[in-house]
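User: I would like to go through some helices and strands of this model. Please keep the answers brief.

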Amino acid sequence: MQIPEYYEFFNQAKIVSGVRVLESIPADLASYDSYKPLVVTSKDITESGLAKKFTKAFAESGMTLGGIFDEVREYAGVSLAQEAALVYRERGCDSIIALGGGAVVDVAKALNILVSQNAATLQPYLEGKPITKHLKPLIYVYVCTSTGLEATDILTIDNRTIRSDKLFPDVVMIDPRLAPGCCSTCAAKSAVIALDHALGAGVAESSPMLDAYVHMALRFTADNMKKGVKKPGDKTASMALANASVAAGIAFANSKPGIVHLLAVELARITGTSAGKFMRVLLPYRMAYMLSKKMKIRDELYLALAGLDEYAATPEAERTKKGVEAVLGLLKTTDKLLPKTMAELNVPRFQLKNAAEAASAASGAYFSAADCLSLLEHAWEGKAY
């Protein structure tokens, strides 16, 4: 491997993964001179008993919780972040723990902006105002499932996005008491998102740091997706897939977003359906497009997907085709859990053009609206390239 003439890579988060890592939360917060966190989570997590399991882990540490704000649902809204900020200020908190993924982390990041920037509203930041002051310490604790963006520099709230290096969590914690998936469908969605984010990052760019995160994400996903989806409670597989999700997210944050991600996000905004489901539908068509255009999948990606022995036994000229087959094989493990066609997702055809144009604009025209629409139409019609 040759060192690039220039590259950038940024990751703020300390990643802590393994047995009894929750017990280190008080020490991790103390390293930031913080001792009274507000826990942001959802009713699903508190009612399932996972929040109790979480607090029990460090009950004897002497750390004082500022409170548990568990009003987050599937949708992250500004008003919810403002409510959490009010609780944070009233309780005299000095740090934040996001217990769970998706909207939980989005609300936690939005809350962090409000209390750290002494802001009453997020509107200036939604309109592009930079985050100038340091944010409060934020710990993200992985619970069951992921949207793939929790460990990144992205915040999505009220269907609008804020992006800043300051939005990376300070600490990411993955503990086998909380990582196992709640169901096969959730495990499948998380794994597909990690697969797409890692592939998208690996295809778009290459640098020593980026490749390391991409390789880790693809290797863990390839080795554990089948078992993790079939048995979401399996601790070994779920820990590996959780690590894959975090690594893929960090890689995603350091590269151009892929066309599948962009289209899936726009379709999710239009329909209210999970972006992970759209990724499952679109990714095979993206792979087929790459083959039809004779686009090469870098050898490093096939190595990560297939493992050293299979990679070494495959002639160089066949590695792109075999790489695509490896991706399709992983996606096949979700056949009974996630939709395989746009028809199953009830997407009106007239919305395809809107999604394509929005995705192209979000890419800064890196992907043309015509290319985006072509991919969507092939997926909608089930038509091969």
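**Helices and strands**

Analyst: In this predicted model, helix α7 has 21 residues and reaches 30 Å from its first C-alpha to its last, close to the 30 Å expected at 1.5 Å a residue.

User: At what angle do the axes of α7 and α9 cross, and what is the hand of the crossing?

Analyst: Helix α7 covers residues 184-204 and helix α9 covers residues 235-253. Their axes come within 8 Å and cross at roughly 35°. The crossing of α7 with α9 is left-handed.

User: Which residues make that contact, and how many of them are charged?

Analyst: From α7 come A191, A194, H197, A198 and A201, and from α9 come L241, A244, S245, A248, A251 and F252. By class, the α7 and α9 contact has nine nonpolar and two polar residues, and the charged ones number none.

User: What is the hand of the crossing of α8 and α12, and which residues make the contact?

Analyst: The axes of α8 (residues 208-230) and α12 (residues 299-306) come within 7 Å and cross at roughly 35°. This crossing of α8 and α12 is right-handed. The contact is made by V214, H215, L218, R219 and A222 of α8, together with E300, L301, L303, A304, L305 and A306 of α12.

User: How many residues of each class are in the contact of α8 with α12?

Analyst: Sorted by class, the contact of α8 with α12 has eight nonpolar, one polar and two charged residues.

User: Which residues of α12 are buried, and what covers them?

Analyst: Six of the eight residues of α12 are buried, and the helix is mostly covered. The buried ones are D299, L301, Y302, A304, L305 and A306. Their cover includes α7, α8, α13 (308-313) and α14 (319-332).

User: Which residue follows α12, and what is its phi?

Analyst: The residue after α12 is G307, and its phi is positive, near 90°.

User: Which residues of strand β8 are buried on each face?

Analyst: In a regular strand the side chains alternate between the two faces of the sheet. Strand β8 (residues 171-174) is covered on both faces. The buried residues are V171 and M173 on one side, and V172 and I174 on the other.

User: Which residues of β8 are the bridge partners of K14 and V141?

Analyst: Strand β1 (residues 14-17) runs parallel to β8 and is joined to it by four bridges. Strand β5 (residues 138-141) also pairs with β8 in the parallel sense, over three bridges. The partner of K14 in β8 is V171, and that of V141 is M173.

Terms used
Residues numbered from 1 in each chain as written. Predicted model: local features only at pLDDT ≥ 70, side-chain atom pairs only at ≥ 80, totals over all residues. Heavy atoms only, no water. Axes fitted to C-alpha atoms, helices over the stretch in contact; angles between N-to-C directions. Helix = DSSP H or I, 4+ residues; strand = E, 2+ residues; numbered from the N terminus. Left-handed = near helix turned anticlockwise from the far one by under 90°. Contact = heavy atoms within 4.5 Å. Nonpolar A, V, L, I, M, F, W, Y, C, P; charged D, E, K, R; others polar. Buried < 20%, exposed > 50% of the residue type's maximum accessible area, 1.4 Å probe, protein only. Pairing = 2+ DSSP bridges. Expected span 1.5 Å × (residues − 1).
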